[in-house]
Amino acid sequence: MKSALLIAVMAAVTLLLRALPFLVLRKRTPAYISYLGRVLPPAIIGMLVIYCLKDITPAVRPFGLPELAAAACVVGMQVWRRSALISILSGTAVYMLLIRVIL
Amino acid sequence: MKKRTVQQAFLKSVPVMAGYLVLGTGFGILMRNAGYGVLWAASMSLLIYAGSMQYVGVGLLTGGASVLTVILTTVMVNARHLFYSISMLGRYRDAGKYKPYMIFALTDETYSLLCDGEVPEGVDANLYRFLVSLFNHSYWVAGGILGNLLGAVLPFSTAGIEFSMTALFIASFTEQWLSSGDHLPALTGLLSTLLCLLVFGKESFLIPAMLLITGILTLLRRREEAAP
């Protein structure tokens with residue numbers, strides 16, 4: 001039952017965040033907000049990349065090697081093929097392989 | 001016109017299909033491993049519909065987090081959606097009856113498909129954006145159900161499947177970098193967050209990072225707006 005409550009809370013807060021700008025800025029969008037709307041998405045994606053890699057331990061075996069190698073694979077595939085799908089699948093495969101081999 | 005709109009929306013959503021099936025399946029498997037069955041996984045994918053939050057949410061459920069912790073964590077993990085909505089204000093303004101659902105379903109991926117504002121010729125723009133959102137949502141829910149059911153019978157270990165989420169963001173970052181001549185916002189996000197991670201530690205760096213990013217981008221405004 002507690003789980004159902006927590007799921008409802010996650011759903012409600014997520015929806016509120018998505019809807020808030022539409023509720024608050026109903027009439028017109030200030031120039032500053034439009035500017036943020038343009039430059040924030042790439043910055044936030046950069047933030048998410050670091051967020052996902054935050055558990056790497058560079059000083060402890062395996063020194064973050066599986067993550068870094070798989071990340072390099074994703075970047076390389078994206079530059080080469082420009083297909084997010086191919087990049088995600090190959091990077092994940094490299095990661096799943098490396099954590100079994102390197103550890 | 002309606003048939004063409006459905007067709008074009010489906011084609012647009014195809015690149016997200018496999019990504020969502022993989023990521024959604026990963027989520028379904030995590031839920032299975034945490035002891036939650038298919039109804040739980042499906043409800044979360046249907047009602048929350050936010051990938052990274054659902055991955056984090058599995059930990060919150062199993063760790064028995066408090067309601068307050070869940071609220072704060074959701075705000076931190078999903079605060080970026082504020083910015084997606086902000087940049088879609090103009091485009092979604094006149095979406096009429098489709099608007100509430102489109103706002104609910106504005107995920108990272110749906111945003112990345114629709115944020116350039118391009119709509120194919122001869123389609124109803126609002127219906128088109130609504131359907132792209134709906135197709136993506138259905139892949140996500142299907143993945144959650146599939147992963148939860150298959151997770152129990154897969155003959156091999158699925159450890160590491162969670163990297164698909166990291167890979168998704170790295171791919172988006174790279175694609176964004178390749179398609180834009182202005183790398184300053186992307187670098188600001190990457191380096192500010194890295195700095196905050198080193199200074200504040202991995203438990204509490206996300207909010208300082210968001211503040212620092214917003215601050216730096218505000219200072220850069222004159223320069224950025226002068227750029228072509």
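Biologist: What makes up the secondary structure of chain A?

Modeller: Chain A has four helices and zero strands, where helices (H or I, at least four residues) and strands (E, at least two) are DSSP runs numbered from the N terminus. Along the sequence the pattern reads α-α-α-α. This is a predicted model, in which local features need pLDDT of at least 70, side-chain atom pairs count only at pLDDT 80 or more, and totals for chains, interfaces and linings use all residues. Residues are numbered from 1 along each chain as its sequence is written, while chains are lettered from A and ligands numbered from 1 in the order in which they are written.

Biologist: How do you know how far to trust chain A and chain B?

Modeller: By pLDDT, the predictor's confidence in each residue, from 0 to 100. Chain A has a mean of 89, with 99% of its residues at 70 or more. Chain B averages 88, and 98% of the residues score at least 70. Within chain A, confidence is lowest in helix H2 (residues 31-52), at a mean of 84, and highest in helix H3 (residues 65-81), at 96. For the complex, the predictor gives an ipTM of 0.87 and a pTM of 0.74.

Biologist: What makes up the contact between the two chains?

Modeller: It takes 69 residues from chain B and 57 residues from chain A, two residues being in contact if their C-beta atoms, placed from the backbone, lie within 7 Å. On the chain B side, helix H9 (residues 163-179) gives the most, with 15 residues. By class, that side has 44 nonpolar, 19 polar and six charged residues. Here Ala, Val, Leu, Ile, Met, Phe, Trp, Tyr, Cys and Pro count as nonpolar, Asp, Glu, Lys and Arg as charged, and the others, Gly among them, as polar.

Biologist: Why is Tyr20(B) called buried?

Modeller: A residue is buried if 20 or more other C-beta atoms lie within 10 Å of its own, exposed if 12 or fewer, and partly exposed in between, with C-beta atoms placed from the backbone. Tyr20(B) has 28 other C-beta atoms within 10 Å, so the label is buried. Tyr20(B) lies in helix H1 (residues 2-33) of chain B. Leaving aside neighbours within four places in sequence, its contacts include Glu109(B) and Trp140(B).

Biologist: How do you know that H1(B) has a kink, and where is it?

Modeller: The bend at a residue is the angle between axes fitted to the seven residues ending there and the seven starting there. At Val14(B), shortly before the proline Pro15(B), the kink is about 50 degrees.

Biologist: Is Val101(A) buried or exposed, and what makes it so?

Modeller: Val101(A) has 8 other C-beta atoms within 10 Å, so it is exposed. Val101(A) is found in helix H4 (residues 84-101) of chain A.

Biologist: Why is Phe63(A) called partly exposed?

Modeller: Phe63(A) has 13 C-beta neighbours inside 10 Å, so it falls under that label. Phe63(A) sits in the loop between H2 and H3 of chain A and has a positive phi of about 60 degrees although it is not a glycine. Also in that loop is Pro62(A), joined to Arg61(A) by a cis peptide bond with omega about 5 degrees.
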